[in-house]
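Trainee: I am new to this structure. Can we go through it step by step?

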Amino acid sequence: MSRAHATRDHAHNTRPPRILAVASGGGHWVQLLRLRPAWAGHDVAYVTVQSDYRDDIGADRFHVVNDATRWNKFALALLTIRMLWIVLRERPNVVVSTGAAPGVIAMTFGKMIGARTLWLDSIANVDTMSMSGRKARRVADCWLTQWPELATREGSMYGGSVL
């Protein structure tokens, strides 16, 4: 192995993990921001649906995507294309999401490139996991709920809430 190759490999192994933190607006975004201390010192990029949230994250990389629901197929297709581009550009080691559709899509593409994935369902979902949360289950390495009652009923894990 050449000296340059060995140096590059060493530098690659000592970089902090790249994290892609994804949330739609409102409470999803607020809960994602409350998780920020967990990845302090890491290389983080944020994705959300509101451009004015940029002020919340300081100097970290920031991407805005359109929001979409299952009822608007065009918006969902556009969101999917944008998320694919972001995941390929960011090349995260970890994708974290508090919901909703942008997070599921980011986790799906993240999983395809070998990233670890974490889903934290919204605290607002008291009776059942959200639809996005149920879809995220297929690609989540760690699937969390914020209600202890849902941990046994839905198969997700409970480790506390983000209040």
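Mentor: Start with a definition: helices (H or I, at least four residues) and strands (E, at least two) are DSSP runs, numbered from the N terminus. Keep in mind that this is a predicted model.

Trainee: How many helices and strands does the protein chain have?

Mentor: Read along the sequence, and the pattern is α-β-α-β-β-α-β-α-β-α-β-α-β. The secondary structure of the protein chain comes to 6 helices and 7 strands.

Trainee: What percentage of the residues of the protein chain count as buried?

Mentor: Buried means under 20% relative accessible area. The protein chain exposes about 8900 Å², with carbon and sulfur atoms supplying 56% of that area. Of its 163 residues, the share that counts as buried is 44%.

Trainee: What covers the buried residues of α2?

Mentor: Helix α2 spans residues 27-34. Its buried residues are W29, Q31, L32 and L33. The cover includes β1 (18-23), β2 (43-48), β3 and β4 (94-99).

Trainee: Is N66 buried or exposed?

Mentor: N66 sits in the loop between β3 (61-64) and α3 (73-90). Its relative accessible area is 16%. The cut-off for buried is under 20%, so N66 is buried.

Trainee: Which backbone oxygen does the side chain of N66 reach?

Mentor: Leaving aside neighbours within four places in sequence, N66 is in contact with V49, A75, L78, L79 and R82. A polar atom of its side chain lies 3.4 Å from the backbone nitrogen of L79. At 2.9 Å, the side chain of N66 also reaches the backbone oxygen of A75.

Trainee: What is the relative accessibility of T117?

Mentor: T117 has its place in strand β5. Its side chain reaches the backbone oxygen of V139 at 2.4 Å. Beyond neighbours within four places in sequence, the contacts of T117 include V95, M107, K111 and D141. T117 counts as buried because its relative accessibility is 3%.

Trainee: What separates the C-alpha atoms of A100 and A136?

Mentor: A100 lies in the loop between β4 and α4. Setting aside neighbours within four places in sequence, A100 is in contact with S24, H28, W119 and S132. A100 and A136 are 36 residues apart along the chain. Their C-alpha atoms are separated by 9.2 Å.

Trainee: Which residues make the nonpolar surface patch of about 350 Å²?

Mentor: Take one member, I113, in the loop between α4 (101-112) and β5 (116-120). I113 is partly exposed, with a relative accessible area of 30%. The residues that make the patch are L84, L88, M112 and I113.

Notes: Residues are numbered from 1 along each chain as its sequence is written. This is a predicted model: local features need pLDDT of at least 70, side-chain atom pairs count only at pLDDT 80 or more; totals for chains, interfaces and linings use all residues. Side-chain values use heavy atoms; hydrogens and water are left out. Buried means under 20% relative accessible area, exposed over 50%, partly exposed in between (1.4 Å probe, protein chains only). A polar contact is a pair of N or O atoms within 3.5 Å; within protein, one must be able to donate a hydrogen and the other to accept it, and residues adjacent in sequence count only if both atoms are side-chain atoms. Contact means heavy atoms within 4.5 Å. Patches are made of residues with over 30% relative accessible area and no salt bridge: like charges are joined within 9 Å, nonpolar side chains (Val, Leu, Ile, Met, Phe, Trp, Tyr) within 5 Å. Accessible areas come from the Shrake-Rupley method with a 1.4 Å probe; for residues, only the protein chains shown count as cover. A salt bridge is a side-chain nitrogen of Lys or Arg within 4 Å of a carboxyl oxygen of Asp or Glu.
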